[in-house]
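I opened my notebook to jot down what I could look up in this one. Here is the structure I had on the screen.

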Amino acid sequence: MKQQLFASVDKYISDLLAEEDDALKAVDQSIYDQGIPQISVSPNQGKFLQIMATLCGARNMLEIGTLAGYSTIWMARALPEGGRMVTLEYDALHARVARENIERAGLAEKVEVRLGKAIDILPQLEQEGAGPFDMIFIDADKPPYPEYYEWALKLSRPGTLIIADNVIREGQVLDPNSPDEKVQGVQRLNEILSRDSRVSATILQTVGIKEYDGMAIAVVK
Ligand code: SAH
Ligand code: DHB
Ligand code: MG
């Protein structure tokens, strides 16, 4: 109903405060050229993630679900000298395109794209002692969100910020009988957050150029 207004205001904000430079524009172009799904975060959401990363003084970040590296680049730009980010992607095309985009953005030294299923790589990260991460962005397949969240906690320290994208799904989370496995995955995560004494959490509704959705934001106690 208000979608057009939300989209126009989103553009107004991003024109002012989240302008894409050549490297980010090149990510958009690569997604188009390679026929990759257009499900990156929006420019304003990218800027939001970047500000969150700056706010937690992130030196070590984890992303679950890279796609073409759009959110990766926004977040990694908040890293200080010597900072590091690992991002997980199981689609070989997405990972290859993401590596090219990250390289073009001058972030290849800081960002590692790991190819494989997140559920296989997360235990490897633990074994390697790759954590604790200062900020973790969960944005891969939705049904295993509760499992990804558990791994995020294992790879955390008090103060770690965990953000999960797409937890409102145009309000479908309100339907307790939704047959959609994506909806069920995020419903389970939201419910876990509501009774998990290990974190303090909220959900931010997101409107704008993307579908109406939301990001869960949890800080580890
Ligand atoms: N964070 C990105 C968007 C990620 S889209 C951005 O905003 O720019 C979700 C990505 O997760 C897709 O590239 C998809 O291939 C990947 N993915 C889906 N299931 C996965 C899994 N089990 N393990 C790792 N990556 C997965
Ligand atoms: C989908 C996934 C996302 O991460 C997103 O931001 C939007 C849509 C999807 O799988 O449909
Ligand atoms: Mg998403």
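Below are my entries, starting with the sheet and moving on to the helices.

**Entry: the sheet.** I noted before anything else that this is a predicted model. Then I looked up the strand order. I found an open sheet of seven strands, and the order reads E3-E2-E1-E4-E5-E7-E6. The pairing is mixed. I checked the edges next: strand E3 (111-115) and strand E6 (199-206) each pair on one side only. From one strand to the next, the twist averages 15°.

**Entry: strand E1.** I picked E1 (residues 60-64) and looked up its partners. E1 pairs with strand E4 (residues 135-138) in the parallel sense, over four bridges. Here I saw Met61 standing opposite Met135 in E4. E1 also pairs with E2 in the parallel sense, this time over five bridges. In that pair, Ile64 stands opposite Leu88 in E2.

Is E1 buried or exposed? I looked, and five of its five residues are buried, so I wrote down "mostly covered" by the cut-off of under 20% relative accessible area. I remembered that in a regular strand the side chains alternate between the two faces of the sheet. For E1, I listed Asn60, Leu62 and Ile64 on one side, with Met61 and Glu63 on the other. Both faces are covered.

**Entry: a helix on the sheet.** I followed helix H5 (residues 92-104) and found that H5 lies across strand E2 (84-89) and E3. H5 runs at about 170° to E3.

**Entry: helix H1.** H1 (residues 3-17) has 15 residues. I got 21 Å from its first C-alpha to its last, close to the 21 Å expected at 1.5 Å a residue. Which residues of H1 are buried? I found Ala7, Asp10 and Ser14. They cover an arc of only 60° around the axis, so they sit on the same side of H1. On the other side of H1, I found Gln4, Tyr12 and Leu16 exposed. I also looked up what covers the buried residues of H1, and helix H3 (43-55) is included.

**Entry: two packed helices.** Last, I checked helix H6 (residues 118-128) against helix H7 (residues 145-154). They pack at an angle of about 10°, and their axes are 10 Å apart. That angle makes H6 roughly parallel to H7. I wrote down who makes the contact: Ala118, Ile119, Leu122, Pro123 and Glu126 from H6, and Glu147, Tyr148, Trp151 and Lys154 from H7.

How values were computed
Residues numbered from 1 in each chain as written. Chains lettered and ligands numbered in written order. Predicted model: local features only at pLDDT ≥ 70, side-chain atom pairs only at ≥ 80, totals over all residues. Heavy atoms only, no water. Pairing = 2+ DSSP bridges. Axes fitted to C-alpha atoms, helices over the stretch in contact; angles between N-to-C directions. Contact = heavy atoms within 4.5 Å. Expected span 1.5 Å × (residues − 1). Buried < 20%, exposed > 50% of the residue type's maximum accessible area, 1.4 Å probe, protein only. Arc of directions from axis to C-beta. Parallel < 35°, antiparallel > 145°, perpendicular 65-115°, else oblique.
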